Amino acid sequence: MEVLIPLAILGIVGLLCPRRKRRRLIYPMMGVVLFFALIVSPPIITLANWGLVYSLPADSGDAVDAIVVLGRGPDLRERRVEIAEELWKAKRSSYIFASGMLDAQQIVERLRENGLPKQRLAGEACSQTTEENAQFTSVFLQPQKIEKILLVTDPPHMLRSLLLFQSFGFTVIPSPTSLPLKWSTYQQMQLIIREYAALANYKLTGRFKPRTANELKYLNVQATTKITNWNCKI
């Protein structure tokens, strides 16, 4: 319905314009509006999202070493807290780790408020990208022999996150959350397009390949230095 307003305006302007301007200006603009309406339509969004999730492995229901919750902004934070708590209560793992500069602290605090034991919660507030989520999480968890994780993030973000965490040596079971019901189709499509672009970029730059021992050593030193300097351990 939102597309009808600009179409109606263009139609009125078109009626007032000379035929030549109508063909050169108004009709192309109407075509752009219709194309935009098509790509943000529910069927196209559903199809685009399916392309990001169809290859994800199903949740086996196995217990894991840790539940890892990725930050993704305030709109998505509360649902992640709920899913992490549900997984913990289902005894999938007794340990939850939150990752993300703007969200990890709040996620851990909300879980504490909900009664989860403080000693079973941890996180890092250093990471600013999905790759850093995987990098900094590995610095904290792998020395503890934590290798099998449940990964909590939204469906469009899950494939890229899973591939990155696997490249750092984790065995990953995806546990996707839902997107906010209040989000418009435009907001959803923005997120989906960004994920397709990021997947292509990461694939072309080789960031999904398993990290070599030397790469991991270098990245761990880099991450440890940042964690110490920024004092972002939770």
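Author: What follows takes the labels one by one.
This is a predicted model, where local features need pLDDT of at least 70, side-chain atom pairs count only at pLDDT 80 or more, and totals for chains, interfaces and linings use all residues. Residues are numbered from 1 along each chain as its sequence is written, and side-chain values use heavy atoms, with hydrogens and water left out.

Reader: How many helices and strands does the chain have?

Author: The chain has nine helices and five strands. Helices (H or I, at least four residues) and strands (E, at least two) are DSSP runs, numbered from the N terminus. Along the sequence the pattern reads α-α-α-β-α-β-α-β-α-β-α-β-α-α.

Reader: What makes cysteine 126 and cysteine 232 a disulfide?

Author: Their sulfur atoms are 1.5 Å apart. A disulfide is a pair of cysteine sulfur atoms within 2.5 Å, so cysteine 126 and cysteine 232 qualify. The structure holds one disulfide. The pair links distant parts of the chain, 106 residues apart: cysteine 126 sits in the loop between β3 (121–124) and α6 (130–141), and cysteine 232 in the segment after α9 (213–230).

Reader: Why is the disulfide called left-handed?

Author: The torsion about the S-S bond is about -40°, so the disulfide of cysteine 126 and cysteine 232 is left-handed.

Reader: What makes the contact of glutamate 78 and arginine 110 a salt bridge?

Author: Their side chains meet at 2.6 Å, N to O. A salt bridge is a side-chain nitrogen of Lys or Arg within 4 Å of a carboxyl oxygen of Asp or Glu, so this pair passes. The structure holds 16 salt bridges. Glutamate 78 lies in helix α4 and arginine 110 in helix α5 (residues 104–113), so the pair ties together parts that are 32 residues apart in sequence.

Reader: Why is glutamate 78 called partly exposed?

Author: Its relative accessible area is 34%. Buried means under 20% relative accessible area, exposed over 50%, partly exposed in between (1.4 Å probe, protein chains only). So glutamate 78 falls in between. Arginine 110, at 25%, is also partly exposed.

Reader: How do you know whether aspartate 154 is buried or exposed?

Author: Aspartate 154 has 0% relative accessibility, so the residue counts as buried. Its side chain meets that of arginine 80 in a salt bridge (2.5 Å, N to O). The two are 74 residues apart: aspartate 154 is in the loop between β4 (148–152) and α7, and arginine 80 in helix α4. Arginine 80 is buried too, at 1%.

Reader: What makes a patch of Leu47, Trp50 and Tyr54?

Author: Patches are made of residues with over 30% relative accessible area and no salt bridge: like charges are joined within 9 Å, nonpolar side chains (Val, Leu, Ile, Met, Phe, Trp, Tyr) within 5 Å. Accessible areas come from the Shrake-Rupley method with a 1.4 Å probe; for residues, only the protein chains shown count as cover. Leu47, Trp50 and Tyr54 make a nonpolar surface patch of about 390 Å². Tryptophan 50 is in helix α3 (residues 42–53).
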